[in-house]
Each structure stands twice: as C-alpha cells, then as structure tokens.
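Here are my notes on this one, jotted down as I went through it. Have the structure open while you read.

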Amino acid sequence: MDTLEKVIEIVAITCDVDKSEVTESSTVGDFPAWDSVGHLGILSKVEEAFDISFEPEEMMEIEDVKDIVDAVNNKLA
Amino acid sequence: MTIEEQICQNAIRHPASIALITPEEQVTYAQLWERCLLAATNVRRKYGLQKGDRIILAASANIDFIYAYFGIHMAGGVCAPIDPDTNETRFELIKNSTKPVCTMGVLHKVAGTQTAPFSEVLTPCDKIDPYQTPDPEQIADILFTTGTTGAPKGVALNHKNLTAAALNINTFIKNTAEDVELLALPVSHSFGLGRVRCVLSKGGSLVLLGSFANMKKFFEQMERFHCTGFGMVPASWAYIKKMSGRKIGEFAGQLRYIEIGSSFMPIPDKELLCELLPDTRICMHYGLTEASRSAFMEFHSEHDYLNTAGKASPNVEVKIFDTEGNVLPTGAEGEVCVKGEHVTCSYWNETPERFAKDFYDGYFRTGDCGYLDAEGYIHLKSRIKEMINVGGKKVSPMEVEDILNTIPGIEDCACVAMPDPEGVMGELVKAFIVSKDGSLTDAAIIEALRPKLEAYKLPARIERIDAIPKTASGKVQRLKLK
C-alpha cells in the first residue's frame, strides 16, 4: 500500500466516510468529523502508521491529504 | 438596550465601520443592520414566525447564520441554536420540546428532516418590515445543555440576560469598537455565540473563521486582518500549542485580549501563555450556560490566583451556600451560587416551582462545589453534577450508559471522566462494563455506539469489571470508579 492509499484510508476511518469520498485535495473541514479533534486524530494515526513524529511547525503546514502525504514522504526520505 | 438595538446604534453612528469579515466579503454595520431587517421580514413571511415562535438553528459560523440569528430576534422569535453534529435522538427531543416553525442550517447526522438554508433569510423583499423593539423580558434564545440524565435541557435566556452578559464581559475584558476578533469557536454554544454578541454590541469587527482545525489559516487570518483578540477553550490552546508550538508569540504585539472558557487548564499552560503574550489581557472565565461568565480572572494582573476560578464578574455576586440554603462564611466549602441579570430566566418547559429549586435566596445554584477566599476568589473543588468535560463539551455519563446498556452482551455499565493522556481534551469518557461475553470486543462496542453518539462522547477506554459499585438504593457510585 503506498503512502497516499494509506493516508486516504486513515482519513476515511477517522472521518467515518467511504474511502471513495477522500481525494488528494480533501482538506480540514471537508467532512464534519475533520475538525480540530479529527485533525489531531488523523495526524497521530499517520505518525503511528509510518512510525514518524511531526514537529509543530510541520503540522501547522498540513491542510489537506496531499500535505500529509508530502510530509510523510519527506520524513521517510 | 437589547443587543440588536446596540447594533442599530452602531449602524447609525458608524455605518461604514466593518462588522463582519469573511474571505469573500466585508460587511459594514449599515449593511449588517439592513440584512438583519431583511432576515426579520423573511422569517415572518416565509415561515409565518410570530412573537414567541421558535426556530432551530443548526449553527455554524456562516455569515448568513448571523443575519438569521439577529433577524429572528428582531421578528420577535426565539432562536434555539444546536450543534450541526447533533444526533437524531437528541434532535427529535429538542424538536418535540420547542415545536419550531422551521429548522435552518445543515444537520450532518439527521436524515429525512427538511431544513432551510440560512441564505433564505436574504431573499429580496419588496417591502421591509419596520424594526420593533423586543420586550427585554421575552425569551431570545434557548440553549440546550446536557442535563444530568443525558436528555437535553433547554436554558432560556431573555434579551435582558443577553444584554447583561455582554455588558459584564465587555467591561471585564475592556473590549472596544477598535477590536477585530477572530472567531474560531462554535456558535452553537454559549461561549461562541456570546462572543458574537459582545463584539457586535461594542461596534468591533468579527472575522468568521469557524474552527481552530486549520492552524495555517488561523495565523493567516490573524495576520491579514490584524486581529486584536480571540476566544478559545483550554482544549483549543492545547491544540494550538501542539500544532504550532510558540508561534502565537509572534502576535504578542497585536493581541490585546484572549478570552478563555471554563474548563480545567493546567498551570504550566497558563504560565506559557503569560510568557508568550506578556502584554495581552488573558481573561479566563468561569460560568455555565445558565449563568454565562459569572467570574473572571486575568492571568497577568491576578497572577497569584492562577489556580482559582477568579472573582465575580462586574455586576455579578457570588456566594457559597450549604445544602440547607444557608450562606457560608469565607473559606467554608459548599455550593457556588451566582446572582445577576445574566442568570437564566427559566428552563424551557419547566414549571416555575421546579425552576425555583435551582436557586437559594435569589442565587442560582451552579452545581459546583468550592469556597471563597478572603479576597473573594473562587476555589473550585469538585462538580456536584457528574458531567464529563471533553474539550469544553459536556457529556452526561448517563447518556452513554443508556446506549451501552442496549448492546447485547453488556449486563451493566458506568461511565466516568478520565484525564486525556495527550493532555489536549482535558477529560475523556471512560466506560466500565460488566460482561460475560468473551467475544464482545472494544471495537465492536464502539461500532455499536458510533451511529447513536457524537464522536466526542465515545469512550476512549473500556474496562471490564465484575460489578458496578452501587449504593443500597441502586445509585451508581461513580466516584469509586475514578
């Protein structure tokens, strides 16, 4: 499973929506559950899934699925 | 003077001043007033609203919501703002209780209910109804809290209550017409909606952000509109800190004030805010929907009292009573009770006799236990009511328990508050269950709860025990589970 696929799965589970509804441009606020609590939940599950840890300044830049994927890929590079 | 009349005065004196800001537009006070009058006309004509009729508002920080909210008041109606994430059971209870002429906004978890979009209030009209001054004693809002049984309890606030609360808050925080406030709080709750009234009654500007979730946007808007203040709950600060570190400190020069909502906030968090914002009035309130912002404490000038809930707000009296309704002396522990024009005028659909039991000698009983020190600072000890405070949102343990008890395999259960290990939400729900069904997993329990409860009410931890501790009369002893 590549990074995008895994991130989409995490967003879908956290926001209680179907995977098909989540795209690379899905962003904070697009789903009712993607509020601040949902955002934290998504980021902590991403950290766990890829065994990485984001710094606050990295987290602040994350607004959408693509940002999460880029941040993960940067960490893993 | 009602909040609406104060907005009218602002529109007359400073018609070109900016009242509302969104990424798409800036609305002056003159435009705000015109649109509220149009909204008042539309709610009368479209929904047949008459004096005292209710409209449920699935409230989001949408600019049209603001027009609808004030327009309904101006048409003599009563607003019942609810969270757009309200579940179906709760919505039905609120609907049956208020019998609204319509529901406006978007409900994410309620299927099959027709709601009107807020934008309908701006439908052009040939003739706008003239403004009629509302009766200060008339109910303006019904805010539904979570009662001890989990059933929604309607707190009625009349125009006089709302005006008094805004005056008390603005007096303490020292808000002015020059303020530009970034609104990221939910407007379905007392705190966020109160901020809207405070800023607009004072003639300031409100930047509608809607939530703290996108921190990049939060700081962008803060910079773009040169915001001078905002409101947050302790969970928001934990979030801001986690997501952006010390960045808020870069705005120390422009932030005149922050209002913080009442729930537990660790002292190191308060100290860090003081360090990052040395010249900002950081005002933490203590209050409840029934008695909004009954006490205040400012972090810098009252630094020695950071561990207290502050002192009575301007125009508010706080006393401690024993269970017999006698006033207790300084230092003695009892129920914190408050008196002032901001205190709720009634509970919706409750008899005056029942409502009177919520008062001791004209002082509203908060349900919180504490004492007053010699300086008049309130020291809170515990909650008499057993609500769980998840990031500022109240959860009744009984509401979660009632649904847990319907899951096959669960014989008994009890829910209590547990500290959030991440330190973000303050408290989380912890469920204790009694079950002999070894195949019943935690995940299956959560999945069974999910369709019936808002996400923040779901237990963060489930523990299995042999029996729920109870009194001889069968009452759950939740304190023994903590």
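This is a predicted model: local features need pLDDT of at least 70, side-chain atom pairs count only at pLDDT 80 or more; totals for chains, interfaces and linings use all residues.

1. Leaving out residues up to four places away in sequence, Leu57(B) touches Phe65(B), Ala68(B), Tyr69(B), Cys79(B), Ala80(B), Pro81(B), Met104(B) and Gly105(B).

2. Leu57(B) also turns up in the largest nonpolar core, which has 170 residues. It is listed there among those with the most contacts inside the core, along with Ile55(B), Ala68(B), Leu183(B) and Leu206(B). Helix H2 of chain B, residues 29-47, gives the most to this core, with nine residues. Both domain 1 (3-372) and domain 2 (388-481) of chain B supply residues, so the core lies between them.

3. Now for the sheet in chain B. Nine strands form an open, mixed sheet, in the order E2-E1-E9-E8-E10-E11-E12-E13-E14. Its edges are strand E2 (26-28) and strand E14 (311-312) of chain B, each pairing on one side only.

4. Within that sheet, have a look at strands E8 (180-183) and E9 (205-208) of chain B, which pair in the parallel sense over four bridges. Val180(B) has Ser205(B) as its bridge partner in E9(B). Helix H6 of chain B (residues 190-202) lies across E8 and E9, as well as strands E1 (18-21), E10 (229-232) and E13 (291-298), and runs at about 160 degrees to E8(B).

5. Last, what does each chain put into the contact between A and B? Chain A gives 16 residues and chain B gives 19 residues. On the chain A side, helix H2 (36-50) and helix H3 (56-60) are the elements that give two or more residues. By class, that side has nine nonpolar, three polar and four charged residues.

Methods
Residues are numbered from 1 along each chain as its sequence is written. Chains are lettered from A and ligands numbered from 1 in the order in which they are written. A nonpolar core is a set of buried Ala, Val, Leu, Ile, Met, Phe, Trp, Tyr and Cys residues joined through C-beta atoms within 7 Å. A residue is buried if 20 or more other C-beta atoms lie within 10 Å of its own, exposed if 12 or fewer, and partly exposed in between; C-beta atoms are placed from the backbone. Domain bounds come from an automatic or database domain assignment. Two residues are in contact if their C-beta atoms, placed from the backbone, lie within 7 Å. Two strands pair if DSSP finds at least two bridges between them. Axes are lines fitted to C-alpha atoms, for helices over the stretch in contact, and angles run from 0 to 180 degrees between N-to-C directions. Ala, Val, Leu, Ile, Met, Phe, Trp, Tyr, Cys and Pro count as nonpolar, Asp, Glu, Lys and Arg as charged, and the others, Gly among them, as polar.
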